[in-house]
Amino acid sequence: PFRITLGGGGTDLPSYYENHKGFLISTAINRYVYVAVNSRFEGNIRFSYSKTEIVDSVDQLEHPIAREALRLLNIDGGIEIVSISDLPAGSGLGSSGAFTVGLLNALHVYRGEFLSPRELAEEAFHLEAEILGEPVGKQDQYIAAYGGAITLEIETSGSVTVVSNVLPKLTIEKLKRSLLFLYTGKQRRASDILRDQGHAAASNDGSVLQCMHEIKKIGRESLARLCQGDMDWFGRSLDRHWQIKKNISTRMSNSKMNEWYEIAKKEGALGGKIMGAGGGGFFMFCVLENRSQFLEAMIRNGLIKCDFSIESEGSKVLVDLK
């Protein structure tokens with residue numbers, strides 16, 4: 001599953017948690033990456049995603065995650081992999097982590113192996129962050145592996161404590177009735193923005209660190225307020241979070257996104273934020289009243305409505321024909 005972050009986003013980056021610990025509250029949503037794996041009669045490798053690669057060796061694969069996943073699991077040929085997705089890449093909803101977790105899960109089952117959610121999450125993070133050197137945090141891999149609404153406490157050592165099912169059913173219902181998701185139509189590479197943030201945090205940039213500390217504080221309070229069902233406070237906290245987040249990197253927003261946000265506030269949103277690293281993808285707004293009027297205004301201004309609900313399960317095998 002893809003995910004949405006409800007609080008603490010960005011504190012899962014090693015550049016932050018290795019010195020200050022991290023905290024996030026996040027939930028999986030009912031939009032997915034699907035991965036199919038099958039033996040291939042020919043001894044080569046076929047991988048079909050937005051394009052199709054047919055190569056004779058793992059080293060020839062252009063797709064970095066697929067290449068390194070096959071290397072990691074010592075699969076050198078005779079395999080076909082197909083990946084399709086409900087949402088575009090670069091949308092700020094954890095697509096890379098969802099794909100990596102799904103691919104590793106499928107490849108392990110293909111080999112007759114079954115990993116726990118924690119093992120899947122850590123292996124996916126190892127592949128993306130340590131093998132490929134991408135500036136990713138731990139949130140996306142963990143939420144894709146575990147599913148549901150969870151909190152992550154990340155120690156300076158990188159060890160993660162996961163608490164599942166952190167939100168009452170009544171709160172989940174309130175979230176469904178309060179949150180609206182609108183697509184900007186713009187995809188972006190999160191790695192560029194995350195590198196900015198990582199470099200600033202690692203260099204002990206005081207202003208950036210203060211922003212990150214405040215985001216973590218808002219995340220912890222969001223958990224408490226959400227458990228109480230206080231959507232009014234949560235909506236206004238999103239506005240606070242958005243104003244802070246824009247100070248971390250100049251790439252997180254632009255004039256058009258700021259314009260959309262101001263229209264949203266004028267039309268009744270208590271607050272909102274761009275999902276993920278920023279720069280494009282999906283806006284999440286908290287709107288408690290006049291939701292139809294709000295949607296009409298945002299669609300009229302070029303945004304695209306997309307419905308999500310919370311997914312209780314993480315990565316799973318739908319069909320195993322062996």
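Guide: Helices (H or I, at least four residues) and strands (E, at least two) are DSSP runs, numbered from the N terminus. This is a predicted model, where local features need pLDDT of at least 70, side-chain atom pairs count only at pLDDT 80 or more, and totals for chains, interfaces and linings use all residues. Residues are numbered from 1 along each chain as its sequence is written, and side-chain values use heavy atoms, without hydrogens and water.

Visitor: At what angle do the axes of α3 and α5 cross?

Guide: Find helix α3 at residues 95-110 and helix α5 at residues 139-146. Their axes (lines fitted to C-alpha atoms over the stretch in contact, with angles from 0 to 180 degrees between N-to-C directions) come within 8 Å. They cross at roughly 50 degrees.

Visitor: Which word describes how α3 and α5 lie to each other?

Guide: Angles under 35 degrees count as roughly parallel, over 145 as roughly antiparallel, 65 to 115 as roughly perpendicular and the rest as oblique. The α3 and α5 axes cross at roughly 50 degrees. The two helices are therefore oblique.

Visitor: Which residues of α5 meet α3?

Guide: Contact means heavy atoms within 4.5 Å. On the α3 side, look at G97, A98 and V101. In α5 they meet D140, Q141, A144 and A145.

Visitor: How many residues of that contact are nonpolar, polar and charged?

Guide: Ala, Val, Leu, Ile, Met, Phe, Trp, Tyr, Cys and Pro count as nonpolar, Asp, Glu, Lys and Arg as charged, and the others, Gly among them, as polar. The contact of α3 with α5 has four nonpolar, two polar and one charged.

Visitor: What is the volume of the largest cavity?

Guide: The structure holds two cavities of 30 Å³ or more. A cavity is a set of points on a 1 Å grid where a 1.4 Å probe fits but cannot get out. The largest has a volume of about 80 Å³.

Visitor: Which element gives the largest share of its lining?

Guide: Lining residues have an atom within 4 Å of a point. Here they include I4, I29, I172, L175, K176, L179 and F181. By class, the lining has eight nonpolar, one polar and one charged. β9 (179-183) supplies at least two residues, but the largest share, three residues, comes from α6.

Visitor: Which element gives the most to the lining of the second largest cavity?

Guide: About 40 Å³ of space lies in this cavity. Its lining has four nonpolar, six polar and one charged. β1 (3-7), α8 (206-227) and α9 (231-245) each supply at least two residues. The most, four residues, comes from α8.

Conventions
1 Å grid on protein atoms, 1.4 Å probe; cavity = no way out; pocket = protein on both sides within 12 Å on 5 of 7 lines; lining within 4 Å. Points joined across faces, edges and corners; volume = space filled by probe spheres on them.
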